[in-house]
Amino acid sequence: MLQLRPTCEHCNTTLPPESLDARICSFECTFCANCVDSVLGNVCPNCGGGFVPRPVRPVHDWKGGNHLAGYPAQSTVKHRPVDLAAQAALRERLRGVPPEQR
């Protein structure tokens with residue numbers, strides 16, 4: 001079950017469960033689309049993987065109790081701004097390696 005973290009780990013922008021701007025890596029590191037594109041270069045600073053849009057959990061119980069009220073989003077903020085120098089080095093190291101091959 002995805003945690004649906006409430007904010008961007010880098011800039012702390014609010015990312016509510018219905019946000020279409022949330023991006024996650026396979027470890028659920030969560031960043032806003034702006035940080036992924038302009039700061040991270042689609043390279044997760046925690047694992048080196050790429051990002052995909054975070055799915056939106058249904059608000060309504062359309063089937064089987066699988067909805068936001070039954071499985072609420074996480075409320076704990078994980079704010080840890082990226083070390084820009086370290087991120088630049090990681091991006092350089094992975095330059096030309098597509099996310100699916102990292």
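The questions and answers below go through cysteines, charged side chains, aromatic rings and backbone angles.

Guide: Please keep in mind that this is a predicted model, in which local features need pLDDT of at least 70 and side-chain atom pairs count only at pLDDT 80 or more, while totals for chains, interfaces and linings use all residues. Residues are numbered from 1 along each chain as its sequence is written, and side-chain values use heavy atoms, with hydrogens and water left out.

Visitor: How many disulfides does the structure hold?
Guide: A disulfide is counted here when a pair of cysteine sulfur atoms lies within 2.5 Å. The sulfur of cysteine 8 has its closest cysteine sulfur in cysteine 11, at 3.7 Å, which is too far for a bond. For cysteine 25 the closest cysteine sulfur belongs to cysteine 29, at 3.6 Å, and that is again too far for a bond. The number of disulfides in the structure is therefore zero.

Visitor: Is cysteine 8 buried or exposed?
Guide: The classes rest on relative accessible area, found with a 1.4 Å probe and protein chains only: buried means under 20%, exposed over 50%, and partly exposed in between. Cysteine 8 has a relative accessibility of 0%, so its class is buried.

Visitor: What is the nearest side chain of opposite charge to glutamate 28?
Guide: Lys and Arg count as positive and Asp and Glu as negative, whereas His and the chain ends are not counted. Glutamate 28 is buried, with a relative accessible area of 19%, and its side chain reaches the backbone nitrogen of glutamine 3 at 2.6 Å, where a polar contact is a pair of N or O atoms within 3.5 Å, one able to donate a hydrogen and the other to accept it, residues adjacent in sequence counting only if both atoms are side-chain atoms. Glutamate 28 has no salt bridge, and the nearest side chain of opposite charge, 5.3 Å away, is that of arginine 5.

Visitor: What kind of aromatic pair do phenylalanine 31 and phenylalanine 51 form?
Guide: Rings of Phe, Tyr and Trp (its six-membered ring) pair if their centres lie within 6.5 Å, with planes under 30 degrees apart counted as stacked, over 60 as edge-to-face and the rest as tilted. The count comes to one aromatic pair, and in this pair of phenylalanine 31 and phenylalanine 51 the centres are 5.5 Å apart and the planes 80° apart, making it edge-to-face.

Visitor: What is the phi of asparagine 42?
Guide: Asparagine 42 lies in the loop between H1 and S3 and counts as partly exposed at 26% relative accessibility. Although asparagine 42 is not a glycine, its phi is positive, at about 60°.

Conventions. Helices (H or I, at least four residues) and strands (E, at least two) are DSSP runs, numbered from the N terminus. A salt bridge is a side-chain nitrogen of Lys or Arg within 4 Å of a carboxyl oxygen of Asp or Glu.
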